[in-house]
Amino acid sequence: MDEIAILSGKGGTGKTCLSAAFANLCSNVVIADCDVDAANLYLILQPENVYEEKFVSRQKAVINRETCDGCGVCIDYCRFEAISYKDGLVTISETSCDGCMLCMRVCGNKSIKMVSRDNSCWYSGTFNNGMMVYARLEPGEENSGKLVNMVRRKAREIAKEIVSNTIIIDGPPGTGCPVISSLTGAKKAIIVTEPTRSGFHDMKRIIELIESFKVKPNVVINKYDLNLDISCQIADWCFDRKISVAGKIPFDVNVVEAMLNCKSIVEWMPKSETSKEIITIWNKVSKDE
Amino acid sequence: MKVSLVDCDAEEPNVCEFIEGESLSWSTVKQKIPVIDADKCIFCGRCFEFCNYHAIVFLPPARFIQVVEDLCHDCGACLYACEYGAITEKEKDLGTIKTLNVNKSLKVVEGRANIGVYSPVPVIRQAIESLNGESLTLLDSPPGISCPFIVTVEKADFVVLVTEPTPFGLNDLKLSVATLQQLHKPFGVIVNRAGLGNGEVYEWLKVKSIPLLMEIPFDKEIARIYSEGKLLAEKKQDYQYQFTRLLKKIKHLLPWMK
């Protein structure tokens with residue numbers, strides 16, 4: 001089974017539009033939208049027969065004011081600065097609490113208990129070219145990496161069930177835990193960058209991360225014609241490091257038009273230059289061993 | 001007016017691609033990682049039980065115990081758990097904080113997480129705390145709505161959300177708004193690349209009574225200026241005025257800032 005991760009480092013370079021296009025070029029494929037902070041792919045792929053399940057992301061410490069004697073031992077032990085005195089009462093900040101349970105363990109009169117947070121969900125559903133798994137992280141929730149792991153696990157289970165040999169992972173921006181979770185175990189990665197100084201800078205960081213995981217990166221320069229000079233610099237940089245540039249896509253307002261119509265560009269304008277380039281890129285990356 | 005700009009997108013810090021300055025200071029962000037002394041350890045498994053992050057691998061029959069450093073959250077539970085003095089702590093580098101002097105009125109602080117670090121939160125926290133809060137402080141936030149975003153906006157008096165008028169933009173904006181409402185933060189919205197996409201975002205803002213602070217049109221000239229790491233306000237006079245007006249508008253929304 002091939003798991004292909006679409007990443008970028010920088011946000012807004014076109015990962016999701018490209019993932020949607022790749023999804024439409026496959027048959028019997030499984031899509032894992034791992035941008036659980038801001039899942040967008042379902043807006044284009046419009047999954048049906050959606051199955052929903054709650055996800056317990058973590059536990060939060062809650063204090064019982066009736067039994068708390070205000071000794072403050074928990075405040076001394078908490079390393080997340082989540083506990084403090086407010087108006088003379090020991091108070092736990094829900095957003096700062098990391099759920100480590102140490103306060104509960106050090107409390108002499110058992111005034112702290114842990115409460116599960118289960119407002120995050122993951123979903124699976126069918127779409128034209130296969131199945132997709134996605135998730136919604138409860139706003140303000142931590143542990144997005146754990147939810148990404150869940151989406152990946154479900155995607156693999158579904159791929160086995162429907163005998164699919166390709167999973168496309170639409171990854172989140174950044175280089176931290178949800179990205180690492182999107183990347184581990186993937187066979188190949190497609191890095192979607194743009195010809196801007198910040199896009200180039202972020203691409204170098206994400207490639208460093210990808211290579212440390214022994215995953216092969218393939219670079220796609222999106223909107224390459226917005227700055228030809230930086231596009232060339234990116235291509236040169238990749239060439240020097242023997243990193244494959246799988247293709248370059250022009251800036252095309254039709255990509256936004258397609259999105260407004262809940263379609264990917266290859267569905268919306270299959271004969272356009274942009275679509276042809278995306279097809280070439282997909283053939284190159286998916287067939288590369 | 002004195003201004004400090006903190007790059008809180010520690011996973012992909014970009015501010016220094018746009019603004020250069022003379023380096024004032026440089027420091028390392030560290031976290032504590034437990035070290036288990038196999039000679040003192042009696043393999044009771046208490047630290048393994050206490051660790052809520054699965055960061056300790058414990059195989060009693062093989063008398064094997066090991067810390068998985070990447071999973072450790074630096075909570076100190078294992079240290080508390082061990083009754084045999086077998087656990088001590090060492091420091092691990094998470095990233096760097098760099099302070100730059102740009103000119104008399106502007107200072108930049110960059111938080112940069114090391115590649116492979118799971119959570120940028122300690123780096124972001126330390127970058128923000130490195131300032132004394134005397135000046136107007138701008139925090140360039142990471143994307144998303146999870147912990148790196150929360151730790152950034154938590155300290156803010158006002159949040160500026162930047163979106164674009166597309167279905168993706170609106171979807172993400174709604175998530176950010178829901179998060180800020182939970183945190184009871186005042187906020188306003190800038191629509192970037194106005195002219196692309198559709199008008200749905202404007203209708204939504206109206207229905208929700210959310211202030212539209214500014215629009216930046218979709219313009220290839222602006223995209224080119226951005227791509228070269230140049231500043232719009234420096235390249236186009238009109239935008240200096242526009243951004244000054246934006247700051248005034250925000251101050252009106254926040255009476256105590258006047």
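In chain B of this predicted model, five strands make up an open sheet in the order β2-β5-β6-β1-β7, and their pairing is mixed. Strands are DSSP E runs of at least two residues and helices are H or I runs of at least four, both numbered from the N terminus; two strands count as paired if DSSP finds at least two bridges between them. Because β2 (22–36) and β7 (136–140) of chain B each have a single partner strand, they stand at the edges, and one side of each is left without a neighbour in the sheet. Neighbouring strands are turned against each other by 20° on average, direction ignored.

Residues are numbered from 1 along each chain as its sequence is written, and chains are lettered from A in the order in which they are written. As the model is predicted, local features need pLDDT of at least 70 and side-chain atom pairs count only at pLDDT 80 or more, whereas totals for chains, interfaces and linings use all residues.

**Chain B: pairing and helices**

β2(B) is joined to β5 (residues 87–103) of chain B by 14 bridges, and the two strands run antiparallel. Within this pairing, Glu22(B) has Asn101(B) of β5(B) as its bridge partner. Helix α4 (residues 121–129) of chain B lies across β1 (3–7), β2, β5, β6 (106–113) and β7 of chain B, and runs at about 165° to β6(B). Such angles run from 0 to 180 degrees between N-to-C directions, with axes fitted as lines to C-alpha atoms, for helices over the stretch in contact.

α6(B) packs against helix α7 (residues 200–207) of chain B at an angle of about 25°, the axes being 9 Å apart. α6(B) is therefore roughly parallel to α7(B), a term for angles under 35 degrees. Gly169(B), Leu170(B) and Leu173(B) of α6(B) make the contact with Glu200(B), Val201(B) and Trp204(B) of α7(B); residues are in contact if their C-beta atoms, placed from the backbone, lie within 7 Å. By class, this contact has four nonpolar, one polar and one charged residues. Nonpolar here covers Ala, Val, Leu, Ile, Met, Phe, Trp, Tyr, Cys and Pro, charged covers Asp, Glu, Lys and Arg, and the others, Gly among them, are polar.

**Chain A: sheet and hairpin**

Chain A has an open sheet of nine strands with mixed pairing, in the order β3-β8-β9-β2-β10-β1-β11-β12-β13. Its edge strands, β3 (48–55) and β13 (244–249) of chain A, each pair on one side only, and the twist from one strand to the next averages 20°. Two helices of chain A pack on this sheet, as tabulated.

| Helix | Strands touched | Angle |
|---|---|---|
| α1(A) (15–24) | β1, β2, β10, β11 and β12 of chain A | about 165° with β10(A) |
| α7(A) (197–212) | β1, β11 and β12 of chain A | about 170° with β11(A) |

β1 (residues 2–7) and β10 (residues 166–170) of chain A run parallel and are joined by five bridges; Asp2(A) stands opposite Thr166(A) of β10(A).

β5 (residues 83–86) and β6 (residues 89–92) of chain A pair antiparallel over four bridges, Ile83(A) having Ile92(A) as its bridge partner. Two residues lie between these strands in their hairpin, where Asp87(A) takes a positive phi near 50°.

**Interface**

Between the chains, 47 residues of chain B are in contact with 49 residues of chain A. On the chain B side, α3 (77–81), α5 (147–153), α6 (167–182) and α8 (220–227) give two or more residues, and α6(B) provides the largest share, eight residues. By class, the side of chain B that touches chain A has 22 nonpolar, 16 polar and nine charged residues.

Conventions: Angles under 35 degrees count as roughly parallel, over 145 as roughly antiparallel, 65 to 115 as roughly perpendicular and the rest as oblique.
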